[in-house]
Structure formats: C-alpha cells, structure tokens
Amino acid sequence: MPDENLEIDLEDLERRMDGALSALKNEFLSLRTGRASSSMLDPINMDAYGSLVPLSQCGTINVPDSRMITINIWDKTLLNAAEKAIRDSGLGINPVIDGTIIRLPIPELNEERRRDLTKLAANYAENAKVAIRNVRRDGMDQIKRAKTSGMGEDDQKIWSEEIQDITNSGITKIDGALEIKQSDIMQV
C-alpha cells in the first residue's frame with residue numbers, strides 16, 4: 001500500500017464520479033419513453049407571482065395511467081401560465097385544461113423521435129463521462145503534487161492504477177445506464 005502520509009483521497013474522487021452518474025440518471029428521467037412519468041415535468045419552470053417557479057410547486061402532479069399525466073393547479077390564476085410553460089417546454093405534449101386540472105395525454109413516439117431521444121441520451125452520457133474524466137484528471141494532479149512532496153514512483157503507479165480503476169468503473173456504469181435508457185426509448 002502507498003505511503004499513508006501522502007495519501008490521495010480516493011473516496012472523494014469516487015463520490016464525485018458517483019455524483020456524475022446521479023446527475024445523468026436525473027437527466028434521463030426527463031426523457032420521454034412513451035410512458036407517462038411525473039419526472040418528465042421536472043425541468044419545466046413557469047412564471048408565477050413574478051418569478052420562475054418549478055411546475056411541481058404550483059400544483060399536484062399525478063399519473064393515473066401510462067398515457068396520461070394530470071396536474072391539479074392550486075391557484076386558478078396560474079392555469080394559463082402552466083399551460084404555456086408546458087407547450088413551450090419542447091416535450092411535444094399538448095395540454096388540455098379541464099377546470100383547474102391540466103391533462104397531458106402522452107402520445108406514442110414515432111421512430112424518428114425515438115432515434116432523436118436516443119441521441120440525446122447518448123449526449124447526456126457523454127457529458128457524464130467527461131465529468132468523470134475531469135475528476136480523474138484532478139486525481140492525477142493530486143498525484144503530481146504528491147510527487148513533489150516526496151512520493152516515490154512505485155506509489156505514484158499504485159495510486160494512478162487505483163484512480164484508473166475507479167474511472168473505468170464509473171464509465172462502465174454510465175454505459176450500462178445509457179444502454180438501459182436507450183432500450184426503454186426504443187421499446188414500442
């Protein structure tokens with residue numbers, strides 16, 4: 001084991017890499033798979049009381065079945081703002097107002113839209129991989145700084161291999177999550 005006085009914080013590096021995976025999974029939740037999910041509405045902000053507010057803070061979101069989302073807006077004066085925010089969100093969903101409830105029928109995805117969503121998922125995954133590689137670079141920089149503090153070449157090699165193992169594990173997890181999401185999107 002490397003010299004304990006010159007230890008690199010592997011737990012911090014691993015935690016930061018896991019953070020990139022968690023962020024990726026949250027981004028994946030916003031992608032439509034043809035099934036209704038309340039998380040599809042998470043990125044939508046609406047104009048309420050003079051500021052941008054998440055849609056989920058202005059009403060109750062329910063998923064009564066796999067093809068429908070309902071939003072019960074608490075303040076009737078915000079109904080039109082909520083509808084506009086949903087239309088402008090780019091989700092491709094047309095809201096239907098029914099009293100204080102907004103119904104969001106989830107249409108079937110066509111083949112072209114499915115391909116576009118798989119490409120978007122791949123872009124999200126690539127951004128997560130870049131984040132993991134940046135964490136790896138930070139770890140390697142720590143090793144370089146420790147070298148000037150007297151870390152031997154053997155210890156440098158051991159630490160470098162451990163950081164690379166953590167990086168490879170993180171990249172593998174991202175690839176697995178991407179594969180699952182793409183199969184969900186392409187499933188008819």
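Predicted model: local features only at pLDDT ≥ 70, side-chain atom pairs only at ≥ 80, totals over all residues.
Next I looked up where Thr 118 sits, and it is found in helix α3. Is Thr 118 buried or exposed? Its relative accessibility is 12%, and since buried means under 20%, Thr 118 counts as buried. Leaving out residues up to four places away in sequence, I listed Gln 182, Ile 185 and Met 186 as the residues that Thr 118 touches.

Then I turned to how α3 packs with α4. I noted an angle of about 170 degrees, with the axes 10 Å apart. Angles over 145 count as roughly antiparallel, and α3 and α4 are therefore roughly antiparallel to each other. Sorting their contact by class, I got 15 nonpolar, eight polar and nine charged residues.

My next entry is the largest nonpolar core, which has 29 residues. Which residues touch the most other members? They are Ile 8, Leu 24, Phe 28, Leu 31, Ile 143, Ile 163 and Ile 174. The elements giving two or more residues to this core are α1 (10-29), α3 (111-148) and α4 (153-186). The largest share, ten residues, comes from α3.

Not counting residues up to four places away in sequence, Ile 8 touches Leu 13, Gly 139, Gln 142, Ile 143, Ala 146, Met 151, Trp 159 and Ile 163. Last, I found another core lying apart from the largest one; it has 23 residues, among them Ile 69, Ile 71, Ile 73 and Leu 104.

Terms used
Residues numbered from 1 in each chain as written. Heavy atoms only, no water. Core = buried A, V, L, I, M, F, W, Y, C linked by side-chain atoms within 4.5 Å. Buried < 20%, exposed > 50% of the residue type's maximum accessible area, 1.4 Å probe, protein only. Helix = DSSP H or I, 4+ residues; strand = E, 2+ residues; numbered from the N terminus. Contact = heavy atoms within 4.5 Å. Axes fitted to C-alpha atoms, helices over the stretch in contact; angles between N-to-C directions. Parallel < 35°, antiparallel > 145°, perpendicular 65-115°, else oblique. Nonpolar A, V, L, I, M, F, W, Y, C, P; charged D, E, K, R; others polar.
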